[in-house]
Amino acid sequence: MKSFLGQFSRSDFFAVLPLGFYIFMVVYSCAALEFIEPSNERTIIKVIQSLAIHIQQQPIFLIFILFACYMLGSIFRALLVYWAERSIPPFRANFPYPETLTEVIDTLNKHHDATKHDVSKMPSLKNGVPMHVFNYWKDVLCVNSIEGFEYYQTFETRVRLFTGIIWASWSGILGGIYIVLMEGDFSHKIGLPLFLLSLILLITFGSNLRRVRRQESRVLLFMYSAYLQK
């Protein structure tokens, strides 16, 4: 069991399973329209209770749920973060944000007495930061400092978590719209709460995605620059 659990990474728990579970619940909520009667009892609470009853009556159903959540989460996690960033205003993506990295380099060079680093060893960003260069920084860090690379991955995992919630939010918004349209009730007790919750999550995490991605790119630059000083 310990060996089995060791196959799951932090990313699986924080960037795959929550995403997959939310999308599973969206699909289950849409399907609940067919088997929760009467219609005035179709609420989010009833949906959760119905799922709990299924698990209680057939515990093996829990294995199916976990597998479905993991597969759904893995599928959406495979989508490019670039696409998620393009799905929220202002509908553009510029990772790894060369202007932010250039500002970091300029600040460090300007205050090199405080940082005690050799300006000549700082990476040059005059030609921008292509993704191949950014990925090379990660490879260098991984080869030379496992601890440093694992620290960087905590920021990368957080970006993946935010991205996953954005995809989950879009699925919830579409699911909520589908339920409202199918039922013809704009105050539907499943469709409306699902839509509003997903919209709140999209606004909250979507508005912060670029901020956490900038943190990710800055951390990698800091660590790569520190390696060059060795």
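**Burial.** I started with how much of the protein chain is tucked away: buried residues make up 40% of its 230 residues. I am working from a predicted model, so I keep in mind that every value here is computed from it.

**Charges.** I then turned to the charged groups of the protein chain, 21 positive and 17 negative. I found their mean positions 5 Å apart.

**Secondary structure.** Which elements does the protein chain contain, helices or strands? I count 10 helices and zero strands. Reading along the sequence, I get the pattern α-α-α-α-α-α-α-α-α-α.

**Helix H9.** I followed helix H9 from residue 146 to residue 183, which makes 38 residues. From first C-alpha to last, H9 reaches 54 Å, close to the 56 Å expected at 1.5 Å a residue. Just after H9 I came upon Gly184, with a positive phi of about 65°.

**Overall dimensions.** How many Å does the C-alpha trace of the protein chain span along its principal axes? I noted about 75 × 45 × 25 Å. I also looked up the radius of gyration, which is 22 Å for the protein chain; a compact globule of 230 residues would have one near 17 Å.

Technical notes
Residues numbered from 1 in each chain as written. Predicted model: local features only at pLDDT ≥ 70, side-chain atom pairs only at ≥ 80, totals over all residues. Heavy atoms only, no water. Helix = DSSP H or I, 4+ residues; strand = E, 2+ residues; numbered from the N terminus. Rg over C-alpha atoms; globule rule 2.2 N^0.38 Å. Buried < 20%, exposed > 50% of the residue type's maximum accessible area, 1.4 Å probe, protein only. Lys, Arg positive; Asp, Glu negative; His and termini not counted. Charge placed at Lys NZ, Arg CZ, Asp CG, Glu CD. Expected span 1.5 Å × (residues − 1).
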